[in-house]
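Let's take a walk through the strands of this model together. Please have the sequence and the coordinates open as you read.

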Amino acid sequence: MRIGIVGAGAAGVGLLDALAATGGKPGTITVFDGSSALWRGRPYQPDIEAVRVNAPPMLMSIRAADPEHYQRWLAARTDVAKYRDESLDQILVPRARYGDYLEDTARTAIGVLRRAGWQVSVVNARVTGFARAEHSKDGGAVLYTEDGGQVPVDRAVLSVGNGRPLDHYGLTGAPGYVDEPYPLARTITEIPAAAHVAVIGSGLTAVDIAAALTANGHTGPISFVSRSGTLPFVQKRPVRLELRHLTPETIRAAASDGGLTFAHLVALMRAELADLGEDFDAFAAEILAAESEPPVDRLRRQLAEVDSPGHGPRLLTMAIRVTGPTAWPLLPEADRTLLRHRHFRTVNSISSPMVPHNAKIVLRLLDSGQLRLRTGVTKIEARTGGGFTIADHGAWTADVVVNAVNPPAYTTPAETESLLSALLAAGAVELHASGGLSTDPGTRAPLVHGRPDPTWHVLGNLAADAMFIATNPPGLAAEAQRLAHLLTA
């Protein structure tokens with residue numbers, strides 16, 4: 001079997017690690033990625049220390065069969081103790097250090113595969129096109145790379161991650177506009193200390209930017225500019241919990257026994273809380289209040305409740321991360337539309353809450369008046385001679401604008417557009433009406449007119465039945481494990 005993996009980010013690492021554990025008859029594996037930071041993807045490339053991992057170690061393993069894999073990796077490094085978040089009593093390292101974990105995992109997996117007889121090679125170039133293998137009924141293709149290479153494969157996996165932020169206000173090229181903030185070491189450190197910085201968005205990326213500016217000694221005003229002004233939830237201190245009802249196995253069983261609905265998921269969550277002796281209705285009221293409670297009040301309250309004994313938010317975060325990728329494609333379209341459009345901000349905030357370390361920085365900036373939340377933005381324009389005019393409930397100016405709006409779900413990375421065009425032209429993939437590529441739920445093979453393509457598989461958020469929020473490491477690891485078994489069966 002000749003396997004091609006297009007993309008060497010977290011998804012690619014998870015697949016390599018799963019392939020190393022799966023065994024099977026040895027063949028060849030070729031990994032393609034044109035990035036200068038292999039194995040790290042966009043989020044985990046080298047950056048400043050203020051940019052921390054936004055989840056406790058127990059929720060960051062890239063090995064599905066071993067949830068404590070990342071925790072053991074951390075425990076072996078005595079120099080990470082200084083990154084302990086005292087409120088969580090957890091080590092939350094800079095994202096670049098988590099990138100070290102991904103890189104170490106990839107290199108270890110490659111070593112295991114080679115010792116088992118696999119030929120593994122890494123091509124530091126983008127795949128820009130492909131052609132079907134001649135006289136093959138069971139799949140097979142030739143992948144073309146930007147440097148002129150041609151690599152034959154029997155199966156190919158598209159694991160290219162998310163796209164780049166969208167320039168909603170047409171500011172690209174304007175002096176002082178930062179469209180892609182990462183790595184912050186390259187972008188934030190160039191901003192004058194006294195400049196008024198307007199950050200488009202108020203989610204985790206905006207929080208990263210505020211923390212990075214603070215660490216860099218920024219003294220000027222900072223404004224989070226968005227339609228709603230909603231801030232991420234604050235993480236609670238982790239407690240070892242086990243899902244008993246909202247498990248992937250239960251979800252798959254429900255789907256095969258007459259279908260799965262959002263109401264069914266709610267009932268399973270109710271059962272989880274009942275087992276813990278907690279009131280579901282009080283928990284649900286708190287979650288729904290996030291859409292109406294003033295964001296600064298909620299931030300202050302949640303920081304004060306980091307040690308709260310209520311397990312509802314903890315369980316829901318775990319369920320979204322662990323069970324969400326399984327449940328999402330099995331829900332009816334009406335339920336998915338409801339969650340994607342009506343509750344997007346709430347689901348996104350609960351699935352990836354900010355760590356107390358950063359929440360304290362944001363609250364301190366808000367209380368001092370250095371940071372402001374500006375809602376109802378309608379227009380941002382570059383001014384002749386420099387700076388920007390921003391319209392919300394009034395008109396005001398900023399010196400620098402940084403785009404912190406993450407790309408919408410199913411966005412194709414610019415580096416993959418030429419390959420995707422070739423796939424579409426060859427009839428290997430088909431765009432789904434709701435975004436992304438149509439895929440078979442069981443194999444993640446692209447569907448064209450309802451029939452699976454014999455060569456390709458899609459791993460991660462480019463699949464139309466992936467969740468509308470970025471898939472986290474445990475979710476990617478679970479997908480990668482299933483795909484590894486398919487590829488080596």
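Two strands count as paired here if DSSP finds at least two bridges between them, and strands themselves are DSSP runs (E, at least two residues), numbered from the N terminus. Within this pairing, Val-142 stands opposite Pro-152 in β8.

Before going further, a word on the source: this is a predicted model, in which local features need pLDDT of at least 70 and side-chain atom pairs count only at pLDDT 80 or more, while totals for chains, interfaces and linings use all residues. Residues are numbered from 1 along each chain as its sequence is written, and side-chain values use heavy atoms, with hydrogens and water left out.

Now look at the sheet around that pair. It is open and has three strands, ordered β6-β7-β8, with antiparallel pairing. Strands β6 (127–132) and β8 (150–153) are at the edges with a single partner strand each, so one side of each has no neighbour in the sheet. From one strand to the next, the twist averages 25°; axes are lines fitted to C-alpha atoms, and angles run from 0 to 180 degrees between N-to-C directions.

Strand β15 (residues 388–391) runs antiparallel to β16, and four bridges join them. To find this pairing in your viewer, go to Ala-391, which stands opposite Ala-395 in β16.
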